[in-house]
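Subject: Structure handover

Hi there,

Here is the structure I promised to pass on to you.

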Amino acid sequence: MAPGVRLVQKVSSTRVFARIAPHVVPAMDRTVHRLTRGRVLLSAQMLPGVVMTVPGARSGQLRTTPLACMPEPGEGGRGSWILVGSNFGRPGHPAWTANLLAHPEGAVINWKGRDIPVRARLLSGEKRARVWETALRFWPPYAAYQARIDREIRLFRLERREVPADGPA
């Protein structure tokens, strides 16, 4: 574990962080990601991250959100990504989760500077339970987030989606 990670985990588990971070972290990530043409995501210095673009659930307008992710290795470099809808332990589900529920085939992530079309699946039951245990080992503050709220934190698996060479039909 990198030096300072435990301190960041402790700080990120606090209610003060939950109030401030949603306003500061995504704005910084979007700015740095844009300025570096997708090469750098500040929050990815602590946790792996993607920048996801998906149509809004109600408006249909494209929404771009930097998010921490948990990469899952796969055969031939065709892994998947887990997104945790923790909302920093705040009461409501983050808006991006509603967007994925409304448009599970409409998301594109930027991963390490490459745009990848993905399909989102909301995890439930036994699959969710297994992934949640892995997520808690990956980033222990998720346990503090879940303990503060009444809702169940949503977990999504993003898998690569094949797009025809000539584009959508």
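**What I found**

The protein chain has five helices and seven strands, both taken from DSSP runs (H or I of at least four residues for helices, E of at least two for strands) and numbered from the N terminus. Please note that this is a predicted model, where local features need pLDDT of at least 70 and side-chain atom pairs count only at pLDDT 80 or more, while totals for chains, interfaces and linings use all residues. Residues are numbered from 1 along each chain as its sequence is written, and side-chain values use heavy atoms, with hydrogens and water left out.

Read from the N terminus, the order of elements is α-α-β-β-β-β-α-β-β-α-α-β. Of the 169 residues in the protein chain, 40% are buried (under 20% relative accessible area; exposed is over 50%, partly exposed in between, with a 1.4 Å probe and protein chains only). Among contacts (heavy atoms within 4.5 Å) with a separation of 6 or more, 65% are between residues 24 or more positions apart.

**The cores**

A nonpolar core here is a set of buried Ala, Val, Leu, Ile, Met, Phe, Trp, Tyr and Cys residues joined through side-chain atoms within 4.5 Å. The largest one has 17 residues, and Val 50, Met 52, Trp 81, Leu 83, Leu 100, Ile 109 and Leu 158 have the most contacts inside it. At least two residues of this core come from each of β1 (49-55), β4 (80-85), α3 (95-102), β5 (107-111), β6 (114-122) and β7 (154-160). Another core, of 14 residues, lies apart from it and includes Leu 47, Val 131, Ala 135 and Ile 149.

**A buried arginine**

Have a look at Arg 157 in strand β7. Arg 157 counts as buried because its relative accessibility is 14%. Its side chain makes a polar contact of 2.7 Å with that of Glu 72; such a contact is a pair of N or O atoms within 3.5 Å where, within protein, one must be able to donate a hydrogen and the other to accept it, and residues adjacent in sequence count only if both atoms are side-chain atoms. Leaving aside residues up to four places away in sequence, Arg 157 also touches others, among them Trp 81, Arg 119 and Val 131.

Helix α4 (residues 125-138) and helix α5 (residues 141-148) have axes that come within 7 Å and cross at roughly 120°. The α4 residues Arg 128, Trp 132, Ala 135 and Leu 136 meet Tyr 142, Ala 143 and Gln 146 of α5.

**Loops worth a look**

Thr 36, in the loop between α2 (15-35) and β1, is buried, with a relative accessible area of 16%. Its C-alpha atom is 9.4 Å from that of Gly 113, although 77 residues separate the two along the chain.

Most residues other than glycine have a negative phi. Asn 87, in the loop between β4 and α3, has a positive phi of about 55°. Lys 112, in the loop between β5 and β6, also has a positive phi, near 55°.

Best wishes

Notes. Axes fitted to C-alpha atoms, helices over the stretch in contact; angles between N-to-C directions.
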